[in-house]
Amino acid sequence: MKKEDFDPKYDFKKIEKKWQKKWENAKIFEVKEEGKKKKFYVLEMFPYASGEGLHIGHTLNYTIGDIYARFKRMQGFSVLHPIGYDSFGLPAENAAIKIGEHPKKYTEKAILNYEKQLKSLGFSYDWRRKLSTHNKEYYKWNQFFFLKFLEKDLVYKKHSSVNWCPKCKTVLANEQVHNGKCEYHEGTEVEMKLLEQWFIKTTAYADELLDFVDDLNWPSKIKAMQKNWIGKSHGIDIDFEIKGEKWPVFTTRPDTIYGVTFMVISAQHSKLKEIVTKEQKKEVDKFLKKLKSVSEKELGDLEKEGVFTGSYSVNPINGEKIPVYAGNFVLADYGSGMVMAVPAHDQRDFEFAEKYNVPIKVVIEPKDFEIYERNGKLPRAYTGEGFLVNSGEFDGLESKKAIEKITKYFEKKKQGRKTIQYKLRDWLVSRQRYWGAPIPIVYCDKCGIVPVPEKDLPITLPMNIKFGKGNPLATNKKFLETKCPICKGKAKRETDTMDTFFDSSWYFLRYFDSKNNKKAFDKKKVKYWMPVDQYIGGAEHATMHLIYARFFIKALRDLGYVEFDEPFPNLFNQGMLHAKDGRKMSKSLGNVINPLEFIEKYSADSLRLSLMSFASPDSDTCWDEKVIVGSFKFLEKVYRHFMNFKSEKGDGIIEHKLNKTIKEVKEDIEKFKYNLAIIKIRELFSYLEEGVSKKDAETFLIMLHPFCPHVTEELWQKLGNKSFISLQKWPIADEKKINERFEKQEQELRKLIEDINKIAKLLKKKSKKDFVYTLPNEKQIYQKNSGEIKKRTGIDVEVYAVNDKDKYDPENKSKKVKPGRPGIYIE
């Protein structure tokens, strides 16, 4: 390019459009499977393309990923960096209904807008591989995998108590319920319903999901959340009899069996009505009507409530009659859905017993202190270990020994058995909504539940549907009525659609073959690219998406489709960007940051640079426009410098600083310490302004490039290069040129600047000149950096050696000078 082709003014709009077009035309981010380069798969969790468009949180996430992708590409890797859209789901359907538009039309308009915004940020995606989960070419394979899981006995149907939103008119996952209200309709109380639902047997892989967590390079809090979510407990099922039926009740503390004074069955249990007596039916029904749906996370803070069912159980160890309550704090699908309550030794049970005046019986006492108050009352549950009391033949035994002995007692009597329980539940995948992948099942009066043959996939969503009367698929005659694949008689289709977490549990495999109509993916391509080398996304997905995706891969492995165990060995969680006032950004608060507004005002490169400058990318921080203003001014300065660049020979200090920066920036990027890398790059630029060689200037641009790709491409070509800077090799530090003597001098200079600024602030007047006094052998160092001192302090500087005869030193500051600690006098 000729000199006149470069605008002396930093016209970022022109520059960014120009390079986005050049990248697209040259297809420089498109990759294929090859043997010459080592592969590297960088992936951010794919977005739901909302009608509001890209928000600042998305921008933060995708910028983190793009910086890493560009960095690894420059390190010589064959980098796969794809993008797609999680385009099915309740939010899109609800939004479309609200504005009177078909969900497909609404979704595809949103995707077009979203894509335009993503491209404006200069993300280095391989756009050929783009996918959208609402396309039949994608969800055909959802249906295919559902059928494969069914063949493997990993899918089943059962009646279950579920969260039902009367406005969404569908089932909600526990995580979509907050304080008894719907996530999508604030203020709408979620009801409990008993429905027949499809489940996927995630619990079949509970042990492996738990055992493999420690091998993952994930944030420790995410690993802890996964372990807790899976929740493995060793204990015993003890048989309690109610109305002639045996109920296996799980406990990890059989040593407290003599302290059981009541039982609690889940208020959501499918068999609750069977144990409620006629006399108590009215009270139980009244209690059930006021029940709120809560997630498992909210159970701990929930006020414990219950109602007597009218039935009694018998304690199998001593024959005592025990009342059975229905409670709001017991999960229907944990164990048998019933617990033995020991109020003296469980705080939850203690609170319940106090509230409903149920007896409290102490059966374990500590050896070294008293658990009763002076009045003989138990103030709270004693949950620790100790020695058994009031426990018949087991009195005096230490807790651990008692657990072992009582377990053997029940096993010998055939009234109990050792078992393992998990908090992890099977995955409820049924949704009573339109905008999702249809479940490929047919119901025939003669043949029963019949899977749709694979040759008939995909079962596509009908376009001509009506909203407002329940599930639109259930009222669509053309969709509903079909023929049985076995007997060819009349049959009806399943009208439930799949949970959209099914879509997101394998999308990362489809990127290798997004246009393949014959297979979900090519196994050879999967073998080449998987697992994902770096996965990036929010911590809010710790116990849903990341559990389901891990399960999916293990199931596909056992079905012969993949040959690895974990999809995401390396995970990075970005922090949350709050509004300036520290509150969470939301439409209702009117504090949402629109990234496009700042791209238009300051440039995409300035926005990218500022988002990485606030704090470490994994830290929560608050938006401040001053940061992007500072980033923009820095890029303007860089641009002006290179517009007038003249190559000069660098000295030892420049070589030291450059190589030290190369070494440290590489380490910082690899650790996602982008904010530290940016500080070092900006410090390096202050040295380059004094004059450096063309090669050193190019190295600076290469290091700045992952953060600011557009302006660095422009300046790279301004230096006379014809290739893309995006494809240049990342520099390697020559550690022989890193001189600790220069490092010490740099620290001393930084300390001097800090001292000058402190003194100037204390003087509380505008300072005109600064006089610096040094040892004779240090004078040249400070003299050479007088320009840097002035730039950082805003004060003219004059440097003297302590033995200079003509020095100006009205307060004899030169007499106090020490090695590395110059004297300072400011007028």
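Here are legends for a few close-up views of this predicted model.

Because the model is predicted, local features need pLDDT of at least 70 and side-chain atom pairs count only at pLDDT 80 or more, while totals for chains, interfaces and linings use all residues. Residues are numbered from 1 along each chain as its sequence is written, and side-chain values use heavy atoms, with hydrogens and water left out.

**View 1. An open sheet of 4 strands, in the order β6-β5-β9-β19.** The pairing here is antiparallel; two strands pair if DSSP finds at least two bridges between them. Strands (E, at least two residues) and helices (H or I, at least four) are DSSP runs, numbered from the N terminus. At the edges sit β6 (170-172) and β19 (427-428), each pairing on one side only. Look at β5 (residues 155-165) next to β6: 3 bridges join them in the antiparallel sense. Here Cys 165 stands opposite Thr 170 in β6.

View 2. Is Cys 165 buried or exposed? Its relative accessible area is 0%, so Cys 165 is buried, whereas Cys 447 is partly exposed at 29%. (Buried means under 20% relative accessible area, exposed over 50%, partly exposed in between, with a 1.4 Å probe and protein chains only.)

**View 3. Helix α16 meets helix α17.** The axes of α16 (residues 595-602) and α17 (residues 604-611) come within 7 Å and cross at roughly 120 degrees. That makes α16 oblique to α17. Axes are lines fitted to C-alpha atoms, for helices over the stretch in contact, and angles run from 0 to 180 degrees between N-to-C directions. Under 35 degrees counts as roughly parallel, over 145 as roughly antiparallel, 65 to 115 as roughly perpendicular and the rest as oblique. Pro 595, Phe 598, Ile 599 and Tyr 602 of α16 make the contact with Ala 604, Ser 606 and Leu 607 of α17, where contact means heavy atoms within 4.5 Å.

**View 4. Val 562 in its loop.** This loop runs between α15 (545-558) and β27 (571-573). Val 562 counts as buried, at 5% relative accessibility. Leaving aside residues up to four places away in sequence, Val 562 touches Leu 509, Phe 521, Val 526, Ile 553, Leu 556 and Arg 557.
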